[in-house]
Amino acid sequence: MSTLASHTERWQAYLRDCRELTAIAEPMQVSGRVTRVAGLVMEAVGLKLAVGSACTIPLPNGTKIEAEVVGFNEDKLFLMPQSDVEGVVPGSRVFPVEPVQSLPAPGTVNHPRRRPSDRGRHLPVGDELLGRVLDAAGRPLDNLGPLHARHAAPLNVRAANPLGREPISHILDVGVRAINSMLTVGRGQRMGLFAGSGVGKSVLLGMMARYTTADVIVVGLIGERGREVKEFIEQILGPEGLARSVVVAAPADTPPLMRLQGASYTTAIAEHFRDEGKHVLLIMDSLTRYAMAQREIALAIGEPPATKGYPPSVFAKLPALVERAGNGKPGGGSITAFYTVLTEGDDQQDPIADSARAILDGHIVLNRSLAEAGHYPAIDIEQSISRAMHNITESGHQQLARRLKQLTSRYQRNRDLISVGAYAHGSDPVLDQAIALFPQIEKYLQQDISERAGITESLQQLASLFP
């Protein structure tokens, strides 16, 4: 018996030694190597990864570069870095990163050790983000400490089944008189805000962020100047608006991959709140910068340009992003989205503007001439439209809006004749009425940034214009 006990003890000691060795041993990692760096794209061989997979590239100085697979050609992978490629040397190793599928609260059992690139697939979402300003990777920019988010969501998901969504049937009060009365927005609608530079789109977005009757506001500042990020948060959004908002900022100096990720992350945050049954206002400034980021990536990996320098993938990405917004299941939450679209040189036929008009549920056009004349918000009523307005408003409201639009159009078409005194009063009864009411109409369509105009108040003032 003593011999058997001694033999058993030796095996137990051997097993303990094996366990200790395996505990400190690092598993073998599959890796590839960098073969080429050209502009925005790195090429790597030795790995077989799907498009969209995350990678890390260790540098000689001890830091790492995070990258994403954006394409491949035979055995070569095209990687787009999330930061500068400074420090990458020929033959640098490339390690794939497995995504984390969930994000339990810190300190709980089964809390995963998250590597830096895990943020590229699943990013934090939830109530802990309210009042915070984040970058495209989910890192705080406001110096208010860590997020402590209990939930994470994937960046890229398919849009919901259109037959499973609740129809647009409820009016959303955005607090802007011209929109409430003339371009009434429904809850779950997706609108485009078309404007050139310096026409007042950021101010109008700030007014809607302050005054819209929504549970949560999610703002994505994609590809804009870094200076505008702080100005929008402090001066336009304000403390009251920020308290119920989440701001994701991916300024113009960030790599194109991070600008794309910022737009997807903004939408993912809004989707999380919608799935919780909340009504979300999603503001993205701008959809054009998102398209430009995709154009940079597509051209860098060799995709041929199609329309005015934009590759076909750009026009496939736009509806994939926009369709994620909208209503959820009947009785659930909603995402009402406003996307700004930059019209270069005030050209409404720009390819991105033209594509956005086709996939959105309406467009609000800001006119430079109105802005230069001191008319704010500079909404061009004639060129703007809300495609859901007829389904959510009463016939009396529609008749009043149509009448105001007719008078405005008639006055604008004859403005030169009126200015030089060439029009004879009595020649056109409709134009006579337009001339008499135009000062009141113009005053009605203007609104100060500090003024809120509810839907009921807007309709009462609209009715009072016509005796």
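Arg132 is placed in strand S8, which covers residues 132-134. In this predicted model, Arg132 is buried, with a relative accessible area of 8%, a value that falls under the 20% limit for burial. Leaving aside residues up to four places away in sequence, Arg132 touches Pro140, Asp142, Leu144, Gly145, Pro146 and Leu147, and also Ser245, Val246 and Val247.

## The chain as a whole

The protein chain contains 14 helices and 19 strands, and its C-alpha atoms fill a box of roughly 120 × 50 × 40 Å when taken along the principal axes. Of the 467 residues in the protein chain, 51% are buried, while the accessible surface comes to about 22400 Å², with 53% of that area belonging to carbon and sulfur atoms. Among contacts in the protein chain with a separation of 6 or more, 69% are accounted for by residues 24 or more positions apart.

## A six-stranded barrel

Six strands form a closed barrel in the order S1-S2-S5-S4-S3-S6, and their pairing is antiparallel. From one strand to the next, the twist averages 45°. Strands of a sheet pair through backbone hydrogen bonds, in either a parallel or an antiparallel manner.

One of the pairings in detail is that of strand S2 (residues 41-45) with strand S5 (residues 76-81), which run antiparallel and are joined over three bridges; here Met42 stands opposite Leu79 in S5.

## An enclosed helix and a surface patch

Helix H3 (residues 201-211) is largely enclosed by the rest of the structure, because nine of its eleven residues are buried. The buried residues are Lys201, Ser202, Leu204, Leu205, Gly206, Met207, Met208, Ala209 and Tyr211. Their cover includes helices H2 (177-182) and H4 (226-243), together with strands S12 (190-195), S13 (216-222), S15 (279-285) and S17 (334-342).

On the surface, by contrast, Trp11, Tyr14 and Leu15 form a nonpolar patch, with about 340 Å² of accessible area together. Leu15 lies in helix H1 (residues 2-24) and counts as partly exposed at 43% relative accessibility.

## Salt bridges

The structure holds 18 salt bridges, and in general, side chains of opposite charge can pair when their charged atoms come close. One of these bridges joins the side chains of Arg150 and Glu128, at 2.9 Å from N to O. Since Arg150 lies in the loop between S8 and strand S9 (151-154) and Glu128 in the loop between strand S7 (122-125) and S8, the pair ties together parts that are 22 residues apart in sequence. Arg150 is partly exposed at 48% relative accessibility, whereas Glu128 is buried, with a relative accessible area of 18%.

Arg190 takes part in a salt bridge with Glu323 (3.2 Å, N to O). Glu323 lies in the loop between helix H7 (312-322) and strand S16 (326-327) and Arg190 in strand S12, so this pair ties together parts that are 133 residues apart in sequence. Arg190 also meets Asp361 in a salt bridge (3.3 Å, N to O). That pair links distant parts of the chain, 171 residues apart, with Asp361 located in the loop between helix H8 (351-359) and strand S18 (362-365). Arg190 counts as buried at 9% relative accessibility, as does Asp361 at 17%, while Glu323 is partly exposed at 32%.

Terms used. Residues numbered from 1 in each chain as written. Predicted model: local features only at pLDDT ≥ 70, side-chain atom pairs only at ≥ 80, totals over all residues. Heavy atoms only, no water. Patch = residues over 30% accessible without salt bridge, like charges linked within 9 Å, V, L, I, M, F, W, Y side chains within 5 Å. Areas by Shrake-Rupley, 256 points an atom, 1.4 Å probe, with all protein chains shown as cover. Salt bridge = Lys/Arg side-chain N within 4 Å of Asp/Glu carboxyl O. Helix = DSSP H or I, 4+ residues; strand = E, 2+ residues; numbered from the N terminus. Buried < 20%, exposed > 50% of the residue type's maximum accessible area, 1.4 Å probe, protein only. Pairing = 2+ DSSP bridges. Axes fitted to C-alpha atoms, helices over the stretch in contact; angles between N-to-C directions. Contact = heavy atoms within 4.5 Å.
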